[in-house]
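We will go stop by stop.

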Amino acid sequence: MKKTFLKLWGMPLFLTFLSLFGLITALLGDGIWDILGWITLSIPLILIIKHYYK
């Protein structure tokens, strides 16, 4: 059961937590926090574009 759950929901959960982390870091402050927010919010978009054109 656990193996099936992670296989089905592993990547969506990872992208959800990555997006939440990116949004929170972008709101925390300036400088490195903004850069970290941009990077973490760009990863899901890059993966979506990659799989769209695949």
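Is Y52 buried or exposed? Select Y52: it counts as exposed, because its relative accessibility is 64%. The cut-offs are these: buried means under 20% relative accessible area, exposed over 50%, and partly exposed in between, with a 1.4 Å probe and protein chains only.

A word on the ground rules. This is a predicted model, where local features need pLDDT of at least 70 and side-chain atom pairs count only at pLDDT 80 or more, while totals for chains, interfaces and linings use all residues. Residues are numbered from 1 along each chain as its sequence is written, and side-chain values use heavy atoms, with hydrogens and water left out.

**Stop one: the tyrosines.** A search of the whole structure finds one aromatic pair. Y52 and Y53 form that pair, edge-to-face, with 5.0 Å centre to centre and 80 degrees between the planes. For such a pair, ring centres of Phe, Tyr or Trp (its six-membered ring) lie within 6.5 Å; planes under 30 degrees apart are stacked, over 60 edge-to-face, and the rest tilted.

**Stop two: the whole chain.** Zoom out and switch to cartoon. The protein has two helices and zero strands. Both are DSSP runs, numbered from the N terminus: helices are H or I, at least four residues, and strands are E, at least two. Along its principal axes, the C-alpha trace spans about 40 × 30 × 10 Å. Of the 54 residues, 13% count as buried. The protein exposes about 4900 Å², and carbon and sulfur atoms supply 78% of it. That area comes from the Shrake-Rupley method with a 1.4 Å probe.

**Stop three: T40.** Select helix α2, residues 32–52, and find T40 in it. T40 is buried, because its relative accessible area is 6%. Which residues does T40 touch, leaving aside its neighbours within four places in sequence? Show L18, F21, G22 and T25: T40 is in contact with them, meaning heavy atoms within 4.5 Å. Next, show the backbone oxygens. That of L36 lies 2.9 Å from a polar atom of the T40 side chain. The T40 side chain also reaches the backbone oxygen of G37, at 3.2 Å.

**Last stop: S42.** Stay in helix α2 and select S42. S42 is partly exposed, with a relative accessible area of 25%.

Note on methods:
A polar contact is a pair of N or O atoms within 3.5 Å; within protein, one must be able to donate a hydrogen and the other to accept it, and residues adjacent in sequence count only if both atoms are side-chain atoms.
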